[in-house]
Amino acid sequence: MEQLNYYLEQLIAKSARELHLRPNANPFVVSTAGNTDIGNVPLQGSQISMMVFPLIPMDVKQELPNKPQVEFVHPSSIGEFNFTVQKSAAGFNVTITPVTGSTETPPAAQVYETPELEQPVQSAAETDSFPAIDLQPIDEFADPTLRDDFGSGADIAGVIDNIPDPDAENGPPQSAVSFSNAAPAFGEISVEDLVHTAQEYVPPPSAETAHLPAEQVIKTPIADRRSSQRLGSNSEMKDRMEFLFHAMAESGASDMHLSVGMPPMMRKDGRMLKLECAEDSLSAGLMTELLYSIMPERNKEEFSERHGTHFACEVPGLARFRTNVFTDRKGMGAAFRIVPAELASAEQLGLPDAVMSLCDFPAGLVVVTGPAGSGRSTTLSAMVNRVNATREGHIITIEDPVEFVHENIKCLVNQRQVGSHTSSFADVLRAAYHEDPDVVLVGDIRDPETLSAAIETAETGRLVLGALHAATAASAVDRMTDQFPADRQAQVRAALSRTLRAVVAQTLVRNKTGGRTATFEVLHVTPEISNLIREGKTSDIISAV
């Protein structure tokens with residue numbers, strides 16, 4: 001921000017009409033005398049973004065993804081300025097003009113030089129050391145309350161001499177306060193040092209605790225809460241995270257990864273690449289402040305207890321981001337998956353009719369499976385959107401976290417998030433019996449309890465759409481039955497043979513021209529397939545297909 005303020009001051013000082021910030025070019029101003037450079041180092045696109053992006057009002061940020069150019073007015077200490085921001089392949093092209101009558105020419109010293117501070121004249125003795133200070137015993141003070149509360153002057157001197165040096169790691173303790181040595185330079189004693197020293201100080205026993213043994217006296221430590229109160233409250237850090245999200249979206253990445261000691265990384269077309277942004281190697285402290293700035297309070301508590309948490313955050317007008325924050329040997333880290341703000345249609349996604357026709361089942365279980373990152377959530381959201389647009393009913397989605405947001409079209413849609421709105425997938429599925437749903441989406445069939453509840457819901461006449469981790473459609477059946485103990489698997493196979501309607505297995509393959517395309521395998525559960533599931537002959541499913 002200091003760099004931008006300098007440029008604004010130069011704009012006013014040179015009586016210029018415009019200030020231009022262009023990627024890979026020197027900053028310059030336009031006046032009656034022509035164009036004049038005000039810097040001799042070309043600006044990077046990421047530098048311009050970091051200077052300008054935090055100033056953009058929230059309503060204008062929402063328009064930025066959909067417009068090639070936005071404008072806004074920014075008030076500063078020397079006046080108001082109109083910003084015109086144009087998007088380009090290299091970054092932001094920014095044109096800044098002063099608002100007429102709102103700017104003041106700064107003093108020459110403020111623009112071109114820093115005035116020197118007047119230093120007091122000191123003698124050689126004063127510059128070498130502090131004058132000696134004679135500590136008087138506290139008993140000589142006239143106020144008797146000082147003697148009652150603090151004891152004698154000898155006690156105070158003893159406490160001062162015995163305060164340990166917070167910087168001393170080895171050797172005997174040294175005096176933390178000296179009245180005869182040279183004064184410490186500014187900055188040598190930090191606030192943290194003073195807090196550490198205060199934590200080491202043990203006050204003399206009071207009258208209430210003097211008769212108790214030392215081990216029974218409870219000492220309350222002085223807690224330094226400044227760092228924890230600061231985490232998550234820094235708006236600059238939130239702006240920096242939003243800039244990373246914009247850079248991720250504009251680059252066409254599906255995922256972004258933040259790790260200590262590394263620059264931000266992205267996954268694009270299946271490859272892990274460096275994200276083009278202003279952030280370089282991320283330190284542990286910066287990582288903590290960045291992630292806490294977007295983390296909800298509930299997730300902060302969960303992270304402090306479990307060293308990991310996941311949630312969804314949203315940048316208005318851009319997208320939602322499925323977020324997982326974790327701890328590794330270097331410190332905090334995070335992985336983000338972009339979830340578009342607007343739902344894509346089946347035609348835009350290239351989903352075949354064989355998949356979308358599964359939404360027409362009135363009841364039963366439809367499972368979408370595939371490896372991680374294969375687009376299962378996107379396919380399921382398109383199926384829910386199809387139901388929402390073609391049927392008049394009630395849809396309940398259970399996700400962890402909520403990714404795609406579905407508005408009410410023809411259906412009433414209730415979206416519930418595990419952790420925030422319920423304790424587990426199974427709990428919501430069992431409660432759904434009393435909530436009159438027509439279609440239930442299960443974001444992840446991850447355990448036997450969830451699968452049992454999904455099968456029971458399907459048996460009561462509801463359509464259940466669920467996601468599962470499996471490589472192929474045939475292996476998905478084994479994956480579901482193997483979640484249960486051996487003595488229950490026959491019962492589960494019988495239930496699946498009655499309720500399972502179809503299994504969709506999908507994966508993404510890389511194109512020669514760039515990008516990836518989804519491929520699908522659809523298993524329709526015919527009477528023959530149903531018998532093979534009941535009898536446990538899943539190995540014969542492939543030949544039957």
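## A first look at this predicted model

For the protein chain, the mean pLDDT is 79, and 75% of residues reach 70 or more.

This is a predicted model, in which local features need pLDDT of at least 70 and side-chain atom pairs count only at pLDDT 80 or more, while totals for chains, interfaces and linings use all residues. Residues are numbered from 1 along each chain as its sequence is written, and side-chain values use heavy atoms, leaving out hydrogens and water.

Let us start with helix α1. Helices (H or I, at least four residues) and strands (E, at least two) are DSSP runs, numbered from the N terminus. The 12 residues of α1 (residues 2-13) should span 16 Å at 1.5 Å a residue, and the end C-alpha atoms are 16 Å apart, which agrees; the expected span is 1.5 Å times one less than the number of residues. Its buried residues are Leu4, Tyr7, Leu8, Glu9, Gln10, Leu11 and Ile12. Buried means under 20% relative accessible area, exposed over 50%, and partly exposed in between (1.4 Å probe, protein chains only). After α1 comes serine 15, with a positive phi near 50 degrees.

Next come the nonpolar cores, sets of buried Ala, Val, Leu, Ile, Met, Phe, Trp, Tyr and Cys residues joined through side-chain atoms within 4.5 Å.

| Core | Residues in core | Some members |
|---|---|---|
| Largest core | 61 residues | Leu21, Ile96, Phe245 |
| Another core | 39 residues | Ile396, Leu429, Ala432, Val440 |

In the largest core, Leu21, Ile96 and Phe245 touch the most other members. Leucine 21 has contacts beyond four places in sequence that include Leu4, Tyr7 and Ile96.

Finally, seven strands form an open sheet with mixed pairing, in the order β15-β14-β16-β17-β13-β18-β19. Two strands pair if DSSP finds at least two bridges between them. At the edges, β15 (412-417) and β19 (516-524) each have a single partner strand, so one side of each lacks a neighbour in the sheet. Strands β13 (residues 364-369) and β18 (residues 500-510) run parallel and are joined by five bridges. Leucine 365 has leucine 500 of β18 as its bridge partner.

Technical notes
pLDDT = per-residue confidence, 0-100. Contact = heavy atoms within 4.5 Å.
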